[in-house]
Amino acid sequence: MDAIFSYLLPLVALFLSLSLIFRANKRDSGNLKLPPGKTGWPLVGESIIFALAGPERFISERMRKHSPDVFQTSLLGEKMAVFCGAPGNKFLFSNEKKLLTSWWPKSMKKALLFPEFVDDSLKEVAALSHGFLHEILKPEALKQYIPVMDSMARQHLDEEWIPNGEVKVFPVSKKYTFALACELFMSINDPKHIERLANPFTLVTSGMFSVPIDLPGTAYNGAIRGGKMVREELLSIIRQRRKELLEIKETKYHDMLSRMLLETDENGELLNEMTISNNIIGMLVASYETTSTAVTFVLNYLAELPHIYEAVFKEQMEIAKSKGPGELLKWEDIEKMKYSWNVAREALRLMPPGQGAFREATTDFTYAGFTIPKGWKTFWTVHSTHRNPKYFPNPEKFDPSRFDGSGPAPYTFVPFGGGPRMCPGKEYARLEVLVFMHNVVTRFKLEKAIANEKVIYHSSPTPMSGVPVRLYPHEK
Ligand code: HEM
């Protein structure tokens, strides 16, 4: 009997899910002309194909096969319209709040946020934090952090980068960028405390864009467990800081948490602890993989392309020579790093750390002759333009001169997105990458230990061996 059930149950489940899909498609299609494409298997949709093919191939194949403007798929358990090319990016960036609202996958919300917020579709939290994040991450506010970034980069290289040895750039960059975020966001600099946050945090970032199957051993399950640990740790930090603030009426800290503790909402009330925690987690998540991936691939290209390295070295040495012994970098120095920033941008074009972003249609609307029904999710992606020869001739070539003058055409180079929801951490990332570049190239010449290292995709491109490089210190 048991054996019969074990055969029958999966068949019944398959039949039910197929009939549900059939009914859903029938209801969806009606008279509407939906974007072409396939939604794949029940629940997993095309997520597995996406993971196996990698985002770039997945997108370019479907643009060729279905439509260069917009196609449908199903990812992370959701029906999705993927908008393509510069016009697709422009459309989504310009219709924020008119036709679309922000949307995050369930896996991300469950891992990152307090359960109270999960069913609220995150709008409330994002709305509260969006303008405020832009405020605390704008260039004027970040200038004061440049010397801190510089001294931490120096200390990091002293401790982790071994002269005449080899270093794996990816793991050490992660260590540096996470330690920097802990310092600048919350003034946490005790290595043990940083590690206590970093370990569960890695679980979160590994599983936050996974298929939402909550079983022991799945990435989704790990992300939820990790998120709970990070939230508990953050809550205790926030409570302690709020207590100090109430007792001594002022704060000795100049970090972003202090700003949040003093911030009030539209009713003049101080932000509650959960909101602050959600915002700090959001910033940690948004900055962790992205900035470490950016640093890693910039250094990867510098190690691979000696002529690019030499030009960056020249620019950075001029800045280094203009400074007194031990004098730290400041805003004016960063402004001189023009060629280095073009190099970093070219690395962001070829290896963009963020893949794009989701939205939800708030009403039925038409794009390129197809209807996107209300409730559908949309996705814009760097992969439809960054290596597209239509926008970047000879796209595989590493060529920083693409950014000379007015640079690439609008809506084609979009590592930070665009429109009102453009990444508020763009300037933080620019400073962090440039300060790190300065420190590395003024101390070491780099040589790649593995040529043509394979890159796989988690939430960001991940070099399989961590980009090992040999380090040759410059003669003093
Ligand atoms: C190289 C580094 C980075 C890249 C490539 C990057 C990329 C992105 C992208 C593509 C988005 C989605 C935009 C959209 O929804 O259309 C985004 C959003 C966001 N980023 Fe970044 N980011 C980086 C660093 C940072 C840093 C350092 C922070 C914070 C300190 C940060 C904070 C955020 C936040 C809070 C959002 C959500 C904004 C919103 O929904 O309104 N990012 N980022």
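Cys 423 is partly exposed, with a relative accessible area of 31%; partly exposed lies between buried, under 20% relative accessible area, and exposed, over 50%, using a 1.4 Å probe and protein chains only. Cys 182, by contrast, counts as buried, at 0% relative accessibility.

Let me state the basis of these values. The model is predicted, so local features need pLDDT of at least 70 and side-chain atom pairs count only at pLDDT 80 or more, while totals for chains, interfaces and linings use all residues. Residues are numbered from 1 along each chain as its sequence is written, and side-chain values use heavy atoms, with hydrogens and water left out.

What is the only protein donor of the iron atom of the ligand? It is Cys 423, through SG, at 2.3 Å. Donors here are N, O and S atoms within 2.8 Å of the metal (3.2 Å for Na, K and Ca); water is not among the atoms, so sites may look incomplete. Cys 423 sits in the loop between strand S8 (377–381) and helix H18 (426–443). Helices (H or I, at least four residues) and strands (E, at least two) are DSSP runs, numbered from the N terminus.

As for disulfides, meaning pairs of cysteine sulfur atoms within 2.5 Å, the structure holds 0.

I turn now to the interior. A nonpolar core is a set of buried Ala, Val, Leu, Ile, Met, Phe, Trp, Tyr and Cys residues joined through side-chain atoms within 4.5 Å. The largest has 94 residues, of which Trp 161, Met 186, Leu 302, Tyr 428 and Leu 446 touch the most other members. Helix H14 (residues 273–304) gives the most to this core, with 15 residues. Another core, of 19 residues, lies apart from it and includes Ala 81, Phe 83, Leu 92 and Trp 376.

Finally, the sheet. Three strands form an open, antiparallel sheet in the order S4-S12-S9. Two strands pair if DSSP finds at least two bridges between them; S4 and strand S12 (residues 468–473) have 3. Within this pair, Glu 166 stands opposite Arg 470 in S12.

Which helices pack on the sheet? H14 does, touching S9 and S12, and its direction makes about 85 degrees with that of S9. H18 also packs there, touching S9 and S12, at about 90 degrees to the direction of S9. Contact means heavy atoms within 4.5 Å, and axes are lines fitted to C-alpha atoms, for helices over the stretch in contact, with angles running from 0 to 180 degrees between N-to-C directions.
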